[in-house]
Amino acid sequence: MKIAFFSTQSYDRHYFNHYNTGHELVFFEAPLNEQTVNLAAGFGTVCAFVNDILSATVIDQLAAQGVQLIAMRCAGYNNVDLAAARAHHIPVVRVPAYSPYAVAEHAVALILALNRKTHKAYNRVREGNFSLERLTGFDLHGKTVGVIGTGQIGQVFAGIMQGFGCRVLAFDVIANRDMEARGVEYLPLIKLLPECDIISLHCPLNEQTKHIINAQTLGMMKQGVMLINTSRGGLMDTRAAIDALKSGRLGYLGIDVYEQEEKLFFHNLSEEIIHDDMIMRLMSFPNVLVTAHQGFFTDEALTQIAQTTMQSISDFEQGKPLKNKI
Ligand code: NAI
């Protein structure tokens with residue numbers, strides 16, 4: 001099968017070449033969107049990532065060019081018009097489970113860095129500043145942590161936080177009995193928000209969850225709460241978060257995802273003028289930590305992503321059932 005990979009970086013080429021199961025791989029650095037879709041002409045499969053735009057128009061064009069399979073090398077699929085794919089009988093596969101530990105542990109890394117200010121301490125000490133002024137943190141032990149979305153990543157995250165001695169509350173459309181047996185208490189969102197010292201988002205982005213963090217829900221949170229988003233940028237209304245940071249309602253914000261990230265993340269823009277004023281405002285707060293969608297970025301996760309994607313493509317070629325079809 002001839003596969004067109006979009007939005008690729010050196011690590012995509014490395015892992016997919018290594019785990020290739022006999023396909024012809026072509027790597028494009030360009031993202032997949034209406035302007036670039038013609039690059040997919042002559043390919044049987046398109047392999048896309050989190051910020052590619054697989055709108056109805058793009059999928060119509062992919063179908064017209066003979067693409068038979070869309071393989072998302074990620075878990076989320078909010079950027080794919082599934083109805084359009086279905087209308088063209090193009091199956092869409094994804095990687096539903098790749099090291100949930102990678103993302104859960106990154107969420108914890110953001111919590112620890114924001115709390116104990118290790119990123120600031122590192123810079124201070126390198127410059128010979130050994131002062132502890134304004135580096136005060138807090139014990140995680142005994143704090144209340146809210147997990148929104150208790151799927152694979154949320155469950156791992158909850159377990160880690162319980163290991164720190166935190167009380168864990170959860171909100172999900174379905175309560176998970178194993179989690180309840182492990183001492184996690186499910187509450188409606190409006191009851192959970194005022195209870196928590198730390199809130200971490202682990203639900204997918206969909207019509208129900210878009211801007212689940214907004215002026216109203218931020219207003220229900222404790223003064224000085226820590227909010228962590230390693231899920232999808234669209235879960236949080238950035239403008240409302242900026243207001244909450246200004247008022248002190250949000251005491252800490254750690255994000256690995258951002259609503260407008262497709263124009264920024266995964267690129268080196270250090271010598272460019274950045275026109276996104278909201279991200280620049282966010283980064284100007286001393287209590288905000290932004291990473292550029294690196295939650296998934298561990299050797300184990302990249303290996304599983306490449307292996308699962310290759311397996312799905314081979315299964316498709318051989319007419320086998322597609323267990324990772326969305
Ligand atoms: P999952 O599908 O195992 O779990 C999602 C959970 O969210 C489920 O329990 C589901 O019932 C719940 N949920 C769905 N709608 C909800 C709603 N309206 N309110 C509350 N909960 C709701 O997904 P998984 O693997 O745990 O991933 C979660 C998200 O993490 C993905 O959707 C993706 O957006 C994000 N992600 C981020 C990565 C990164 O690199 N930062 C990498 C991988 C995933």
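Me: How many helices and strands make up the secondary structure of the protein?
Reply: In this predicted model, the secondary structure of the protein comes to 12 helices and 12 strands.

Me: How do you know what radius of gyration to expect for the protein, and what value does the model have?
Reply: A compact globule of 326 residues would have a radius of gyration near 20 Å, and because the protein has 21 Å, the value agrees with that expectation. Along the principal axes, the C-alpha atoms fill a box of roughly 60 × 50 × 35 Å.

Me: What share of the residues is buried, and what share of the contacts joins residues at least 24 apart?
Reply: Of the 326 residues, 50% count as buried, a label that requires a relative accessible area under 20%. When contacts between residues at least 6 apart in sequence are considered, 65% of them join residues at least 24 apart.

Me: Why is S7 called buried?
Reply: The relative accessibility of S7 is 17%, and since the cut-off for buried is under 20%, S7 counts as buried. This serine is found in the loop between β1 (2-5) and α1 (10-18).

Me: What makes the phi of S7 worth a remark?
Reply: Most residues other than glycine have a negative phi. S7, although it is not a glycine, has a positive phi of about 55°.

Me: How do you know whether K117 is buried or exposed, and where is K117 placed?
Reply: K117 has a relative accessible area of 13%, and because this value falls under 20%, the residue is buried. Its place is in the loop between α4 (100-116) and α5 (118-126), and K117 also has a positive phi, of about 55°, although it is not a glycine.

Me: How do you know that the span of helix α12 agrees with its number of residues?
Reply: Helix α12 covers residues 299-317, and at 1.5 Å a residue its 19 residues should span 27 Å; the end C-alpha atoms are 27 Å apart, so the two values agree.

Me: Which residues of α12 are buried, and what follows the helix?
Reply: The buried residues of α12 include A301, L302, I305, A306, T309, M310 and I313. The helix is followed by G319, whose phi is positive, near 70°.

Conventions. Residues are numbered from 1 along each chain as its sequence is written. This is a predicted model: local features need pLDDT of at least 70, side-chain atom pairs count only at pLDDT 80 or more; totals for chains, interfaces and linings use all residues. Side-chain values use heavy atoms; hydrogens and water are left out. Helices (H or I, at least four residues) and strands (E, at least two) are DSSP runs, numbered from the N terminus. The expected span of a helix is 1.5 Å times one less than its number of residues. Buried means under 20% relative accessible area, exposed over 50%, partly exposed in between (1.4 Å probe, protein chains only). The radius of gyration is taken over C-alpha atoms; the globule rule is 2.2 Å times the number of residues to the power 0.38. Contact means heavy atoms within 4.5 Å.
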